[in-house]
Amino acid sequence: MTHLPRPATPEGQAGLDALLASPRRALIATDFDGTLAPIVADPRTARSHPGAVPALRRLAKAVGTLAVITGRPAAEAVAYGELDAVPGLIVLGHYGWQRWQDGELTGPGSPLAVQAARQDLPGVLSRAGAPEGTWVEDKGHALADLGV
């Protein structure tokens, strides 16, 4: 028998009771980094824990909606996590900026200012004397300068 965590508040217990009483009406959402995949030094190397996708596949059969919400681009989380193996899963990338579902990615394009920064940032970093190994993480609608 599976043992469930004991909620710390009456409200938490009420929420758990409601979910267990009617799981097909439930939305369960989780993060990718630090939840489905360990936090790693280089975000490009993050991969799902070995048991994550099988657990999500089982959960997807039991609940109404299953989602992953991440700061990453949605397609990147799907690829790194092999999340396309979970039927019906919704992946909201960039904290909702993008939506991936059933192999289709939707969302607005990259803002023009970010497109310009994408082209200019390597030269700016070089002129500023950024240390060797500095790289830019391209999040589609935002850029992050990551030191070594």
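**A tour of salt bridges and strands**

Begin by selecting D33, which is partly exposed at 22% relative accessibility. Here, buried means under 20% relative accessible area, exposed over 50%, and partly exposed in between, calculated with a 1.4 Å probe on protein chains only.

The structure on display is a predicted model, in which local features need pLDDT of at least 70 and side-chain atom pairs count only at pLDDT 80 or more, while totals for chains, interfaces and linings use all residues. Residues are numbered from 1 along each chain as its sequence is written, and side-chain values use heavy atoms, with hydrogens and water left out.

The side chains of R72 and D33 form a salt bridge, with 2.7 Å from N to O. D33 lies in the loop between strand 1 (27-30) and helix 2 (52-62), and R72 in the loop between strand 2 (65-69) and helix 3 (74-81), so this pair ties together parts that are 39 residues apart in sequence. A salt bridge here is a side-chain nitrogen of Lys or Arg within 4 Å of a carboxyl oxygen of Asp or Glu. Helices (H or I, at least four residues) and strands (E, at least two) are DSSP runs numbered from the N terminus. R72 is buried, at a relative accessible area of 3%.

Now turn to D42 and R44. Their side chains meet in a salt bridge of 2.9 Å, N to O. D42 is partly exposed at 22% relative accessibility, and R44 is likewise partly exposed, with a relative accessible area of 44%.

Select D138 and R118 next. A salt bridge joins their side chains at 2.5 Å, N to O. D138 belongs to strand 6 (residues 135-138) and R118 to helix 4 (residues 112-127), so the pair ties together parts 20 residues apart in sequence. Both residues are partly exposed: D138 at 36% relative accessibility and R118 at 30%.

Finally, display strand 1 and strand 2. These strands pair in the parallel sense over four bridges; pairing requires that DSSP find at least two bridges between two strands. Select T30 to find V68 of strand 2 standing opposite.
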